[in-house]
Amino acid sequence: MPRYLGVTAPPGRRLLMLGNEAIARGFLEAGVQFAAAYPGTPSTEIVEALAAASRLYGGRPYVEWSVNEKVALEAALGAAITGARAIAAMKHVGLNVAADPFFSSAYLGVGGALVVVSADDPWMWSSQNEQDNRWYGLHAYVPVVEPTGAQDAKEAARLALEYSARYRRPFLLRTTTRIAHTRAAVETGPVSIEALEPRGEFSKDPARWTLIPEYARRHRLELLEDWDRLGRELAGFPLNRVEGDGPVAIVASGIGYRYAREAARILGAEEDVTIYALATPVPLPGPLAEKALSHDTVLVVEEGDPVVEIQLKTAAAELGSGARILGKRGPERLLPRHGELDLGVVAAALAKLLGREPPSWAGGGAWEPGVKLPPRPPVLCAGCPYRSFFYALRRAVNKLRLRPVYSGDIGCYSLGILPPFEMQDIIIDMGASISAGSGMAHTLRDDRRVVIAIIGDSTFYHSGVTGLMNAVYNRAPMLVIVLDNHTTAMTGHQPHPGVGVDAEGHRAPEVRIEDVARGAGVEKVLVSDAFDVKDSEAKLLEALRYVVEERKPAVLVARGACILVALQQARRQGVRPPVYYVDQEKCTGCGICYTVFNCPAIMRGEGGKAVIDPALCTGCGECVQVCPFGAFKPSHEPPAEWEKLMRTAKPS
């Protein structure tokens, strides 16, 4: 049974579910037939859960991991045009990648239903920026549904798909990290397995489904007419509700409702407030806005930007309302525009507004423990092939006396920014390592300067291929390193086109990175064993000399399995990796292994001598290659099966 137990549970059960699992369950209850996504925290588990259901339900609904978010949304839109109920899921920055089809989908509408899930990440727990994608709804004229927590995430997903089918318009389901990764009790409804069968029909109608200017102008007028209608009718959306009858209005969107309700209870102010729980923040429902503006004072509580607040102030101006509207804007700003909301921040804001004494713990300051905790910086896993490759890269660059600029990317290898490697000089977005690197290669004139773009395998398929073609076409002298660990490791080991397995675990064609590079016109393409320091160093020296001498791009694929997947496969196959130890007689205490190589399983012991924590050792044997004195020994001879798994293991 898959680990997502709730997604296929019988109806009428009350189960503890992850917010993302609840969203997947809601889509199933609404009869979703097509799901596409690119994995990205905090959205990944939605399609993982749908894939688990599809395996159990015999391929219903159809589920795929697409190469990027733009492709995922275009695929889902294509399915929705044929009459299917489709969803595309992504993290917030993924919608930037998919923005082109997102705007077009609003003009076209759908034949079936289409919901785009944007999982926003306030305070950037696993992202390069913080953005509120409700703005996309306003910009593209796409209605936004926002659950108030994991408890109603299932209903929000179900209703979003059903409302999309009702209006034949795409809907955006906006969640946040706290909703996506909170577990809550969720009651399951009925799922019709037959309804999940992907079925579609298509009738030729260019005026309906093509966006040439003549037809797009007509679509624009229809879209605006529907937008005004939705602004009125979404007031009746089942998750929108009004609680209380106090003089002060709280308009609370999404998870802000949970904080606002709890803050009112803690302050003993439940009789002083009327809470407008808002699950459809875009467009702001006109009838609800009018009711809220009948109060003299309105506090808007929302996570992210003041999207609702601005709409409410616009409505107040249009209606001639003199209501005092407070939130994240203006001189009386009560809530911050950065980071996540929490109960303390909202309680402090409400207390100030009501003239109450806030709880001692309220105010939003970071909680400090009574003891000083040791620092725990992020680090590559023990046994990660990236560590041995970075070590080889440093040696190769030093031997050639080059001054490298490392153009980095999004993935586990982003940790290369930290000492001792410091091999990520810029990080912009997915795929930018090659594109930005090519720009730098054309402007850096120092002969000893060389641009080295470092990108992962999944990221290469996502958005690195076009950058590579651009580098070839414009003759950018740079080395592109593709770190191929056979999986999308950072988000939980999802497959990609190079793995040979699809989202449902079936065999699939395998697209090899080196073949893509040669097809793009790269003349120098090398492949190295990422676990073999000598092999990687030799290939790096060859590739770097080529770039420097020929002034052309080169590609090096550094291949080695994610050690976590290799260990998982070893356990399944009964293969026992060795555990390494340090021969104290041979160790000189030079510290290379725990400083320059920086393996987290190796620590500085008495007298500076190395010590291995057997609980952390993964049996990779990289330390044997690094130690100049032969001090590292295996507990037993590494099995040939283990050596193979370290290089070939893939998610299954």
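Predicted model: local features only at pLDDT ≥ 70, side-chain atom pairs only at ≥ 80, totals over all residues.
Residues are numbered from 1 along each chain as its sequence is written, and side-chain values use heavy atoms, with hydrogens and water left out.

Tryptophan 123 sits in the loop between β5 (113-120) and α6 (134-140). Helices (H or I, at least four residues) and strands (E, at least two) are DSSP runs, numbered from the N terminus. Together, Trp123, Met124 and Trp125 make up a nonpolar surface patch with about 340 Å² of accessible area. Patch members have over 30% relative accessible area and no salt bridge; nonpolar side chains (Val, Leu, Ile, Met, Phe, Trp, Tyr) are joined within 5 Å, like charges within 9 Å. Accessible areas come from the Shrake-Rupley method with a 1.4 Å probe, and for residues only the protein chains shown count as cover.

## Salt bridges

The whole structure holds 38 salt bridges (a side-chain nitrogen of Lys or Arg within 4 Å of a carboxyl oxygen of Asp or Glu). One of them joins lysine 154 and glutamate 29, at 2.8 Å from N to O. This pair links distant parts of the chain, 125 residues apart: lysine 154 belongs to helix α7 (residues 153-167) and glutamate 29 to helix α1 (residues 19-29). Both lysine 154 and glutamate 29 are buried. Another salt bridge, 2.5 Å from N to O, is formed by glutamate 146 and arginine 174. Glutamate 146 is in the loop between β6 (144-145) and α7, and arginine 174 is in strand β7 (residues 171-176), so the pair ties together parts 28 residues apart in sequence. Glutamate 146 and arginine 174 are both buried.

Within helix α7, arginine 158 and glutamate 155 are 3 residues apart, which means a separation of about one helical turn. Their closest N and O atoms are 2.5 Å apart in a salt bridge. Arginine 158 is buried at 19% relative accessibility, whereas glutamate 155 is partly exposed at 23%. Salt bridges with shared partners connect Arg25, Glu29, Lys154, Glu155, Arg158 and Glu162 in one network.

## A five-stranded sheet

An open sheet of 5 strands runs in the order β9-β11-β10-β12-β13, with mixed pairing (two strands pair if DSSP finds at least two bridges between them). Strands β9 (241-244) and β13 (324-326) are at the edges with a single partner strand each, so one side of each has no neighbour in the sheet. On average, neighbouring strands are turned by 20° against each other, direction ignored. Axes are lines fitted to C-alpha atoms, for helices over the stretch in contact, and angles run from 0 to 180 degrees between N-to-C directions.

Strands β10 (residues 248-253) and β12 (residues 297-301) pair in the parallel sense over 5 bridges. Opposite alanine 252 stands valine 301 in β12. Helix α11 (residues 256-266) packs on the sheet and touches β9, β10, β11 (273-278) and β12, with its direction at about 145° to that of β10. Contact means heavy atoms within 4.5 Å. Helix α13 (residues 307-319) lies across β10, β11, β12 and β13, at about 170° to β13.

Methods:
Buried < 20%, exposed > 50% of the residue type's maximum accessible area, 1.4 Å probe, protein only.
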